[in-house]
Structure formats: C-alpha cells, structure tokens
Amino acid sequence: MKYLQLVLANLGRHKLRSILTILSVALALFLFASLRSVTTTLAATAQLGGARRLVTTNATGIVFVLPLAYGNRIKALPGVTGLSWANWFGGRYGDGKSFFANFAVDPESYLKMYPEFIIPEDQKQAFLRDRTGALIGKRLLRQFGWKVGQNVTLQGTIFPGDWTFTVDAVYTPSDPSLGDDALVFHHEYFDERIGRAGIAGWYIVEIDDPAHAPQIAKAIDDMFRNSSSPTKTGTEKEFQASFATMWGNVSFLMSTIGLAVVFAILLVTANAMMMSARERTGEIAVLKTVGFSDRLLFALTMVEAGVLALTGAAIGLGGAKVLYPAINFNGVGFLPGFKVATSTLIIGTLVAIGLMLASGLVPALRAARMPIVQALRKVE
Amino acid sequence: MALVEIRDVYKSFQREEQRIDVFSGLDLDIEAGSFTALMGPSGSGKSTLLNLIAGLDKPTRGTVRVNGAQVSEMTAGQLAAWRARNIGFVFQSFNLLPVLTAYQNVELPLLLTNLSGKDRDERVKIALDVVGLADRAGHYPRQLSGGQEQRTAIARAIVADPTVMLLDEPTGQLDAKSSQEVLTLLQRLNKEFNKTIIIVTHDAHAAERAKTTLHLEKGDLIEKPRSPSVAAVR
C-alpha cells in the first residue's frame with residue numbers, strides 16, 4: 001500500500017492520456033463483450049426446446065406449408081401425446097420499423113404445450129374465448145404502449161389486409177431466451193380470413209418419452225414421404241438450431257471483424273502504455289539509485305499497466321453487463337434474451353490481464369534490466 | 001579501517017571499436033566523517049569514481065569496499081538493498097520525481113524500509129527541517145526554485161541516515177546564492193551530524209568548503225590534503 005501513491009502519481013502524470021487509455025480498453029472490451037454475446041445468445045437460443053417436443057415442417061423448406069389435415073394422422077401415431085400447429089403471419093405494425101414475430105396458433109393446444117409462457121389465468125381464459133384476441137409478450141406492451149383490452153391493427157405482408165386483434169393477454173417467458181416480444185393469435189381466425197385454406201406452417205408434436213423421438217420422427221416423415229408435401233421432423237432443439245445456423249456466417253463475420261477491431265485497439269493501447277513507461281527512463285534510474293530493486297520496479301510497472309487495463313475492463317465489461325438489460329436490448333427481436341454471459345466476463349477479464357502483460361511486460365523488463373549509469377547519462 | 005577503501009581498481013569502457021581506460025590500478029581510502037571534494041577536468045573519471053563507490057557501476061578489476069562491505073562483488077539485488085541503507089546520492093540536475101511533492105520525494109528511500117507510516121512521517125519532517133524546507137513539503141518540484149529543489153534532493157539523500165553521501169556536481173545548476181546555501185548545508189551536515197560527504201565539483205569555491213580536495217587527472221589522483229582524512233593515495 002505504501003507504494004500506491006507512487007503508482008497513482010505516475011498514472012496521474014498525463015491524466016488525459018491515462019483516461020484515454022482506460023477508455024480505449026473499455027471500448028475494446030465493450031465491443032468484445034457485445035459481439036461475443038451475440039454468439040452466446042444465438043447458441044442459447046439453439047438450445048431451446050422441450051425434450052418431449054418435435055417439430056414437423058415441410059421437407060422442402062420452412063417457408064412451404066403443410067396441409068392442416070396432417071394433424072389427425074400425426075396425432076394417431078403411437079407415442080404422440082399432443083399436437084399443435086402454427087403459421088407464420090409476418091404482419092407489421094405502424095411504419096413496420098419495429099420488427100416482432102407474429103404467428104397464428106391453435107390456442108388451446110399451443111398453450112398447453114408451452115407452459116413456459118406465464119400468463120395470468122383470467123387473461124388466458126379471455127384470450128382462449130376471443131376468436132380475434134391476441135396474446136402478446138410484455139415487451140410489446142412497453143414498446144408500443146399497448147394496453148390489455150386495446151385493439152391493435154397489423155398490416156399483413158404475406159396475407160394482405162388490415163388485421164385487427166384485441167390484446168387479451170400478456171405473457172412473461174419463464175426462460176428469457178424464449179423472448180418476450182411475440183404476438184400470437186387464433187389460427188381459426190387466420191384460416192377464416194384467408195378463405196379456409198387449411199394450412200399449417202409447422203406442427204408441434206408432443207411425445208411420451210424423449211427416447212422415442214427418433215422413431216416417432218421417422219414414422220411421421222415415412223407417413224408423408226410419397227405425398228405432395230413430404231415432411232421433415234426433428235426435435236425442437238434442432239428446429240431452433242436451424243434458425244441459429246442461418247446466422248452462422250453473419251456471426252462468424254461479426255466475430256472476425258469485431259475481434260480484429262478489438263485487437264487493433266488493444267495494440268494502440270499497449271503502445272500508449274509502453275510509450276508512457278519509456279518516457280520515464282531517467283526516473284527509473286533515479287529510483288534505482290535510491291535503492292529500488294529491479295524486482296520492485298518490475299512489479300510497480302506491472303501494477304501500473306494492471307490498473308489501466310483492469311479499470312478499462314471493469315468499465316467496458318461492466319458497462320455491457322449493465323447497459324443491455326437496462327435498455328432491454330433484444331437485437332430488434334432477433335436476439336431474444338440477449339445477455340452478457342458470465343463466461344464472456346471471465347474471458348474479457350483474461351483479455352485484460354493479457355493486455356496488462358503485453359503492455360506492461362516489455363517496459364517492466366526494460367525498467368528492471370536498465371543499467372543505471374547508462375540511464376543516468378541520458379538524464380544528466 | 002577507512003570507510004571507503006578502493007584497491008587496485010581498473011575501469012575501462014568500450015566505445016564502439018575504442019577502449020577507454022579510466023582507471024588503471026587506483027587506490028584510495030576515505031575516512032568516516034570526512035568531507036572530500038573530487039576535482040578534475042571533464043573525462044578525468046570523477047563521476048565514474050562516484051558511481052563505483054555508490055555501486056551504480058562495477059570496476060573492471062579491483063575492489064571497492066564501503067563500511068566493510070565489498071560493493072564490487074555484490075549482485076544487482078544486493079546492491080539495491082545496500083544502496084538503500086548506505087548511500088545518499090545527489091545529482092547535478094536534482095532528479096526529483098516531478099509527479100511527487102517534496103515530502104513524497106524525500107519519503108522515497110524510506111518506502112524501502114520497514115518503518116511505519118508514522119515513523120516515516122517523523123523522519124521526512126526532520127529531514128525537510130534540516131534543509132530548511134519544512135514549509136515547502138507539499139510543493140511539487142516545479143513550484144520550487146533550483147536551490148530548493150537541490151535542498152529537497154539533499155533531504156532525500158539524508159533521510160535514511162546513509163553511511164556516506166555522494167554528490168555529483170551539486171551546485172552545477174545553481175546560482176551563486178543557492179550554491180552557497182547548499183554548500184553551507186553540506187558543511188553543517190558534515191560538522192553537526194558527522195556525515196561522510198564526497199562531492200564531485202568543477203567549482204573551486206565549492207571544493208574550498210571540503211576538508212580535503214582530490215584532483216583526478218586521466219584517472220590518477222593528485223592529493224591536496226587539508227586534513228588527514230585521505231590516508232593513502234596512489
């Protein structure tokens with residue numbers, strides 16, 4: 001502690017430079033935390049899904065629909081204990097700048113299959129009773145200032161026209177990764193408005209035992225293999241993962257470019273820290289003359305680098321950890337449950353320690369090894 | 001036994017292709033409580049001799065012994081610890097740390113000791129009082145005059161009560177008045193506190209304040225003693 005005044009005095013020598021150095025580290029690690037959190041959030045989303053739920057989609061692709069008539073045949077298969085279905089709607093609200101997911105579901109079977117949606121019982125009953133009702137995530141309530149009981153109108157993009165729904169219920173997800181910004185409404189209303197087309201975007205199949213998933217999935221797909229709409233069935237996790245992998249290349253690009261930026265900032269920072277140490281050659285020689293040992297000077301220089309790097313890390317990583325939940329960030333709906341994971345904080349701290357070593361080691365070794373007479377000659 | 005014993009010391013430097021011999025078998029004894037001035041033209045080896053005594057540099061051959069410790073044989077770590085206890089060094093250009101106050105600069109050598117904060121505070125105040133700068137403790141070097149800066153450097157040199165004080169051109173950057181103040185202070189430290197002082201100087205007036213003046217010419221000593229403190233000179 002008695003050397004603290006020396007460390008602090010040295011850091012205060014060029015206050016602006018020290019502040020800018022700390023801010024550079026903070027910015028670099030804020031970027032690092034943000035970019036890595038995109039990847040970890042996507043990975044967490046890919047892990048979503050109940051072990052007892054399968055998803056059946058059109059084998060050609062998710063944008064192709066399936067006949068609603070498939071439902072009863074799937075339900076009749078051994079091991080299937082429940083069935084629900086949904087259809088992507090793709091409506092937009094207002095100027096459409098604020099994207100959120102909206103789709104038609106069979107309300108009763110859907111909510112039964114997804115206990116993760118926490119809904120007040122009275123609101124749930126109101127939604128189930130109201131054919132034009134909507135169930136919305138709590139974020140939408142805040143985002144658009146909607147109220148329970150209010151009518152909201154979406155403009156259909158895939159299914160044109162104005163679609164008006166009554167906000168009957170608000171859900172809170174038990175797992176933040178599920179997201180709290182979706183709007184779901186009655187499939188029956190959807191089917192009626194589009195002229196009884198009898199289509200489902202995908203089926204959600206509840207099974208008796210996760211161990212039976214491969215056999216049941218195969219049975220479903222085999223059943224429709226030679227039909228006009230063959231199916232592709234997999235676990236819900238695989239279904240979620242397929243969405244996440246759509247981000248794959250973007251995620252890779254973001255990570256690569258982002259890390260290059262972070263690395264460049266860290267190099268600049270390390271250079272500033274080394275420059276600061278180089279300027280003090282004479283003072284180091286004086287301290288050695290007074291009796292400061294090589295080891296002590298090495299330690300003091302490393303502590304200085306550590307204070308800069310770790311303060312920057314605390315601001316950058318702490319800022320990311322606090323900021324995103326505070327602004328309820330969810331990547332315009334694409335990153336539900338976005339959060340800075342503990343593993344990101346740990347890796348960020350290790351990066352800061354690495355920076356401390358990279359930027360402190362060279363000047364610290366130089367200070368420790370510097371011949372006093374040679375250094376004094378430069379001063380005198 | 002002399003406080004400083006230099007025996008058969010050789011010192012040479014390599015400058016590119018050229019070898020420069022500064023000392024070739026130098027012998028010198030300096031007694032405890034003496035006040036010695038080292039004079040001589042530039043390049044005669046005055047500062048090199050001071051550096052050897054302080055353990056800042058090592059002889060090419062020979063031994064340097066201070067207060068019984070063989071300085072020339074110590075490792076870098078041993079030398080640092082030894083310097084902290086035994087040497088008070090004062091530079092021509094003061095070399096105070098600009099980011100520290102006069103008080104903090106003087107406290108530096110005491111940070112290396114096991115003294116408590118209270119004891120350090122007491123010693124720093126005494127040292128500043130001795131050099132007449134008790135009222136400038138909180139000033140930064142840039143807020144002090146040249147003379148005050150050098151007196152702060154002297155306070156830093158005496159605060160740990162070293163065995164010997166070494167001063168390299170202590171009045172070289174001072175005006176006449178400040179030089180006199182610093183020299184008077186050194187005489188006082190020698191007389192009242194029995195400090196062993198060795199100064200390197202070009203200034204004949206400064207040398208006059210010393211009890212003994214040694215002249216170095218091309219690495220050889222020419223004795224002009226005014227006291228018996230220099231016992232043996234080659």
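In chain B of this predicted model, helix H5(B) packs against helix H6 (residues 176-192) of chain B at an angle of about 20°, with the two axes 9 Å apart. Because of that angle, H5(B) is roughly parallel to H6(B), and the crossing of H5(B) and H6(B) is right-handed. On the side of H5(B), the residues that take part are Gly146(B), Gly147(B), Gln150(B), Arg151(B), Ile154(B) and Ile158(B), and they meet Ser178(B), Glu181(B), Val182(B), Leu185(B) and Leu189(B) of H6(B). Sorted by class, the contact of H5(B) with H6(B) holds five nonpolar, four polar and two charged residues.

Helix H5 (residues 146-158) of chain B also has helix H3 (residues 102-111) of chain B as a partner, and there the axes come within 7 Å and cross at roughly 30°. Since angles under 35 degrees count as roughly parallel, H3(B) is roughly parallel to H5(B). H3(B) passes H5(B) in a right-handed crossing. From H3(B) the contact draws on Ala102(B), Asn105(B), Val106(B), Leu108(B) and Pro109(B), while H5(B) supplies Thr152(B), Ala155(B) and Arg156(B). In the contact of H3(B) with H5(B), five residues are nonpolar, two are polar and one is charged.

Two loops of chain B each carry an asparagine with a positive phi. Asn95(B), in the loop between strand E6 (87-90) and H3 of chain B, has a positive phi of about 55° although it is not a glycine. Is Asn95(B) buried or exposed? Asn95(B) counts as buried because it has 25 C-beta neighbours inside 10 Å. The other asparagine, Asn67(B), is found in the loop between strand E4 (61-66) and strand E5 (69-70) of chain B, and its phi is near 50°, again a positive value in a residue other than glycine. Asn67(B) is partly exposed, because 18 other C-beta atoms lie within 10 Å.

The next step leads from chain B to its contact with chain A, which takes 22 residues from chain B and 20 residues from chain A. On the side of chain B that touches chain A, the elements that give two or more residues are helix H2 (76-86) and H3 of chain B. Of these, H2(B) gives the most, with six residues. The side of chain B that touches chain A comprises 14 nonpolar, six polar and two charged residues.

Chain A itself is divided into domain 1 (4-45 + 247-379) and domain 2 (65-228), and the C-alpha centres of domain 1 of chain A and domain 2 of chain A lie 47 Å apart. Where the domains meet, eight residues of domain 1 of chain A are in contact with nine residues of domain 2 of chain A. The side of domain 1 of chain A that touches domain 2 of chain A has three nonpolar and five polar residues, with no charged residues.

Ala44(A) lies in helix H2 (residues 15-46) of chain A, and it is buried because 21 other C-beta atoms lie within 10 Å. Leaving aside residues up to four places away in sequence, Ala44(A) touches Ser177(A) and Gly337(A). Ala44(A) and His187(A), on the other hand, are 143 residues apart in sequence and, from C-alpha to C-alpha, 29 Å apart in space.

Notes. Residues numbered from 1 in each chain as written. Chains lettered and ligands numbered in written order. Predicted model: local features only at pLDDT ≥ 70, side-chain atom pairs only at ≥ 80, totals over all residues. Axes fitted to C-alpha atoms, helices over the stretch in contact; angles between N-to-C directions. Helix = DSSP H or I, 4+ residues; strand = E, 2+ residues; numbered from the N terminus. Parallel < 35°, antiparallel > 145°, perpendicular 65-115°, else oblique. Left-handed = near helix turned anticlockwise from the far one by under 90°. Contact = placed C-beta atoms within 7 Å. Nonpolar A, V, L, I, M, F, W, Y, C, P; charged D, E, K, R; others polar. Domains from an automatic or database assignment. Buried ≥ 20, exposed ≤ 12 C-beta atoms within 10 Å, placed from the backbone.
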